[in-house]
Every structure is written in C-alpha cells, then in structure tokens.
Amino acid sequence: MGVKQRVARLRRAYAPQENRPLDAYLKAMGSYAAVTASLAALVKVTGRPVPERPATADVVLLGIATHKLSRLLTKDAVTSPLRAPFTRYDHPIGSGEVMEQVRDSGSPTRHAIGELLSCPFCLAVWIATGLTGGLVLAPRLTRLVATALTAVAASDFLQLGYAVAQQAAEGGHDEK
C-alpha cells in the first residue's frame, strides 16, 4: 500500500465526518521543517554566533512582535486580500479585525493554508521562528522591526483601554 493510500485511510479513520486534510498538514509541517533547517544552515554557513540563552528583553520583544504580526496577518481587515484565496469573509469582530472561514472547496493544500492564515496561534509559530532566525542573522534589523510591531501592539491596547474609559465616561454622563 502506497503512502497516499495510507494517508487516505488514516484520514477516514481519524475524522470520518469532517474534511481534515492530513496530507496537506504533513506538507505544511514539512515546509516548516525545511524553513527551520534552512535558517539553521544559513546560521552555520555565515558563522553567526548563536546565544546560549536569549536575553529576556529579546524574548519579550519577539513575543509581543509575534503576537502583533500574527494578528495583523490573520485577522486584520486590510490584509484580507492575502487570505482571500484561502478563506471566505464571515463577519467583523471589531477593532479592524474580521472573522473568516476556511474555504473547503479546492485542494487540501488550499484548505491547510487557509487554516494557517486564519489562525493567529498557528501562524505565530512560523513568525516566531522567522524572528528568532532574524535575531541571529540580522539582529539590529530584527530588533527594529520587532520594536515597531511591539509599539503597535502597545498602541492597540492603549486604544482599547481608551475606548473602554470613554464608554464608561459616556455611560456615567447619561445617568446624571
């Protein structure tokens, strides 16, 4: 029995009532492994030093930047053209973000990419890997980009806090 037949049998046994494109997930995992291996090879070839322990400030900076970039790419209304071939608009979810559904028609690969591009938690792994590789290969540029993304994330929280305070103030004004 070939690999395709085994994957098809496994998919039917795993989720008989749902479309779970396990073969496309394997391709995505293989792509992630290839990207990660390429980054590691590039680090080795360039002779860049790899820190034994990343600085706490870098971990925090990259963590916040990863959060912001993953939300920007997976939920922001302005980036919806990047997701449109793989997702379908469902409804707005506030603060310039949209909820989208994965397109089930088409190839299993299209479906898997749609899941990746509509899930900030899923895409965060890829982004964190890229930023971490960037921290070794181009630390100054990576920190600059991460700082900008972190500033936008901080601004988002301030905007949301301001909106809550404004609603509370307006609500308090109406009660007088």
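**Exercise 1.** State in what order the elements of the protein chain run from the N terminus.

Solution. The order is α-α-α-α-β-β-α-α-α. That comes to 7 helices and 2 strands. Helices (H or I, at least four residues) and strands (E, at least two) are DSSP runs, numbered from the N terminus. The model is predicted: local features need pLDDT of at least 70, side-chain atom pairs count only at pLDDT 80 or more, and totals for chains, interfaces and linings use all residues. Residues are numbered from 1 along each chain as its sequence is written, and side-chain values use heavy atoms, with hydrogens and water left out.

**Exercise 2.** Find which parts the salt bridge between Arg-20 and Glu-115 ties together.

Solution. The two side chains meet at 3.1 Å, N to O. A salt bridge is a side-chain nitrogen of Lys or Arg within 4 Å of a carboxyl oxygen of Asp or Glu. Arg-20 lies in the loop between helix H1 (3-14) and helix H2 (22-46), and Glu-115 in helix H5 (residues 108-117), so the pair joins parts 95 residues apart in sequence. The structure holds 5 salt bridges.

**Exercise 3.** Decide whether Arg-71 and Glu-97 are buried or partly exposed.

Solution. Buried means under 20% relative accessible area, exposed over 50%, partly exposed in between (1.4 Å probe, protein chains only). Arg-71, at 23%, is partly exposed; Glu-97, at 16%, is buried. Their side chains form a salt bridge (2.7 Å, N to O). Arg-71 lies in helix H3 (residues 56-75) and Glu-97 in strand S2 (residues 97-102), so the pair ties together parts 26 residues apart in sequence.
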